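Biologist: Hi! I'm new to this one, so could you walk me through it?
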Amino acid sequence: AVVDIAIQDYVADVASELIYQNKSQISTEVLFVFPLAPNMAIYSFQACSEDAKVQAMLQDEVQQLHEDTGHWENLEYVWDQPNCPAEVFACFLGTLSPGREVVVTLRYVQELPREPDGAAHFVLPPTLHPYTKHYGRAFALPSAVFPLAVWNCRTSKLPYSLLLTASLQSPRGVAKVQANFALTPLIYTARDRSTAQVSLAGSPPSQHDLELLVYFGEPTAVSAMVEKGDPGAPPGSLLGDPMVLVTLAPSIPEAVPGQRQSGEFIFLLDTTFLEHAQVSPQSWDQDGDSLLLLLKTLPLGCYFNIYCYGETSMGIYSQSVKYTQDNLTEAMRRIPSTCSCLDDTNLLGTLRSIYNTPRPRGHARQLFIFMARLPPDKEAIAAEVCRHRNSHRCFTFFFSEDSAALAIALARETGGEAAYVSSDNICMTFVVLKCLKRALKPAAEGVSLSWTLPCGLEAEVLGGTPQSIFQGQHSLLYAQIHGQAQDTTVAKGVMTLQYSLDGQDVSHTIEFPLCPQGDGRLAGHRLAARCLLKRLLPEAASGSGDEPRHRSVEISLTSGIICPFTSYVGVRTSQRVTWYRGPLALLPPRQSLIPCQIILLRGSYQISSCYPTSIWVPPGWLTAVCASWIALRRLTHGITALSQRGACSKACKPPPPSVSSLKHVDRRELFLCSPSFGSWSTKAIAECQELAALQNIDGSWALSSGLASVLEVNEAEIKGKMPGEVMEPSIWATVLAVTWLNRNDKCYQDLCELLEAKAVTWLCSRAVSQLDKCLEAANTLLGSTVKPSVFRL
């Protein structure tokens, strides 16, 4: 294999050439399979043998060329491969005679994740470095064995060679490269160190993936790199004009738990959540309540609202309100009557109602959506969330397998998280709190970009700019520069990033060269096309005319990036016939069509000791019309019969595949709730819920009989042991509650961490001088040995 990687800041273009040889004594039918990772898009594929060439072409779905391909049973072989997880690109390459070889050329682009220290993280796909037999991706069909895909994963010698070269580029300069394999010394190819090269030294390792960490110059809150357009494309077109690759990565400090914090938190509740949260008119007086525990963990200073989506789309309040004791009490009082006619049918109307309500200024909007089952209008819901993805984050929780694909897609499109939870109250409380902790990370608010360019030029951000960027996240944007500069002597542009952080306005300004750079591979342009297609999909799905669809098809065919309205066609051409390049014209008579498609699969398994256990879920990129694809209708027939293997229990098994448009989801983005939580028990959950029900939203507790009951101490004894220095009984009660949470034989850190943080903050602001005496008395009363550090002493 020969792999050439071009990395520009946080965008990678990979060109690979793979040579497969049939060393058996019989002819072999060959199927090439390439798993697709998140934020990856193939834009070129061809395979050449001595007799023919196979090339993947994009065609408008309206032409229905797949009807004429036939032989789709060749792709059915993929279904039986337990090592083909999630979304894969598959192409049938035909018959390979003994001793013959086929050369596969594959090109793709990918957005790279940004590490906390600013490094771009690249992982070579296992197809290009199949260090175990489970990653062999050129399969033999079914009677023969393809030699490349069979070897012992425990041997150190690999039965193939790999030549890998990486070209690196950044206007900030390339500082260093780290890898988990041997590299040649970094060679700079420009005096300012803005470009460099590095290669694989020796043989590749045989036990792990190949990973690169590329460090650029001083990390900044905003960076920009201009990629030149295709000189063969007309000016003003997507590929013809220069593209600016913009990285937004504001430095956001960690929030101190328990302190005031901005944010708008909206809970969308359905029947299953309310049932297991014990929210009903009959059980309303019970203190143990999952919903109340969640609401009590919200920080002071935020806004909140609750929607019970059913036949109506009304919230508890007409719009989000300040998080106060009175507003929370009133919200909890209204829930039973508001949710009396709940039937899970109006999630779409509820979302539209929320989007039509302005969010409080300076407060990032985050939705917590609970799904009991798949809504009937799932495609419209997906399109609606996709349309507003820059304005909020979604954390989704699905209780049934059929709603998994939609829940995961909504979370991934908006940068949130999805969680599958069983009908177990312990599981639900634990998982939702885990997501809530992530949602409480601080954010840069009111994000905006402004441009100062020479007269005659203008910048257009494709896909829009996110309104908020949360701590630990970054945003990669694509801005196209249109027009012709009137003054060609001006060689620089200015870009300004503005946002609000903890109520303070922040601004970052940088200059960037307008002279286009790059190697002509158009990685940024192709990823920009993918971004623009995602923006057009909701419009096309809404049925608002044919223009969005026609525009999507045009962008897809021009850029080579597939969309819901185009599909791959494998074209087989004799090597003696001149290749015809017209993408939309009729095919020459010497060409034939063969199976070539993106297939959506999933599995749950543990193959061997040299391949980790993985749980795969349905895909996560939204489209509204993928269900109508002719090829996918054929390929997904009977897919539910896939055998399920592995250690995953029935309670947490992944949801079934869907013919929906939702593409690949990285398993790291999904929480799967196990029925086992170590030492957690129903009693521990109930104790936390009872204590949370008694806590005021400012973090304090009142000295009451209810608190005495939870602490399992006589109320008279509590009052009698209160230190004389304490002027307010609530101070003593709050110290007792925090001490009880940190007893020697108990650990409520995961469940009550946020409650405790608010309590300690409240104590430190009211009674620092009294805490030593109170803690000593509390330890004596409860028989504990809690240390002063718990109270920040």
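Modeller: Happy to! Let's start at one residue: V177 touches L168, L183, L186, L212 and L213, leaving out residues up to four places away in sequence. Contact here means heavy atoms within 4.5 Å. This is a predicted model, where local features need pLDDT of at least 70 and side-chain atom pairs count only at pLDDT 80 or more, while totals for chains, interfaces and linings use all residues. Residues are numbered from 1 along each chain as its sequence is written, and side-chain values use heavy atoms, with hydrogens and water left out.

Biologist: Which strand is V177 found in?
Modeller: V177 sits in strand β11, residues 174-179. Helices (H or I, at least four residues) and strands (E, at least two) are DSSP runs, numbered from the N terminus.

Biologist: Is V177 buried or exposed?
Modeller: V177 counts as buried because its relative accessibility is 19%. Buried means under 20% relative accessible area, exposed over 50%, and partly exposed in between, using a 1.4 Å probe and protein chains only.

Biologist: And how far apart are the C-alpha atoms of V177 and Q197?
Modeller: They are separated by 9.8 Å, with V177 and Q197 lying 20 residues apart along the chain.

Biologist: Let's zoom out. How many helices and strands does the chain have?
Modeller: The chain has 16 helices and 34 strands. Of its 793 residues, 57% count as buried. Taking contacts between residues at least 6 apart in sequence, 76% join residues at least 24 apart.

Biologist: What does the accessible surface of the chain come to?
Modeller: About 32100 Å², and 49% of that belongs to carbon and sulfur atoms. Such areas come from the Shrake-Rupley method with a 1.4 Å probe; for residues, only the protein chains shown count as cover.

Biologist: New topic: at what angle do α4 and α5 pack?
Modeller: Helix α4 (residues 347-355) and helix α5 (residues 378-387) pack at about 15 degrees, with their axes 9 Å apart. Axes are lines fitted to C-alpha atoms, for helices over the stretch in contact, and angles run from 0 to 180 degrees between N-to-C directions. The two helices are therefore roughly parallel to each other; the cut-offs are under 35 degrees for roughly parallel, over 145 for roughly antiparallel, 65 to 115 for roughly perpendicular, and oblique for the rest.

Biologist: Which residues meet there?
Modeller: From α4, L347, L348, L351, R352 and Y355 meet A380, I381, E384 and V385 of α5. By class, that contact has 7 nonpolar, no polar and 2 charged residues. Ala, Val, Leu, Ile, Met, Phe, Trp, Tyr, Cys and Pro count as nonpolar, Asp, Glu, Lys and Arg as charged, and the others, Gly among them, as polar.

Biologist: What about α6, and where is S403 found?
Modeller: S403 is in the loop between β21 (392-398) and α6 (404-414). S403 counts as buried, at 0% relative accessibility, and touches M371, R373, L374 and F398, not counting residues up to four places away in sequence. As for α6, 11 of its 11 residues are buried, so the helix is largely enclosed by the rest of the structure. Just after α6, G415 takes a positive phi of about 80 degrees.

Biologist: Which residue other than glycine has a positive phi?
Modeller: R193 is one of them, with phi near 60 degrees. R193 lies in the loop between β12 (187-188) and β13 (195-199), and is partly exposed at 47% relative accessible area. L522 also has a positive phi, about 60 degrees; L522 is buried, with a relative accessible area of 5%. Most residues other than glycine have a negative phi.
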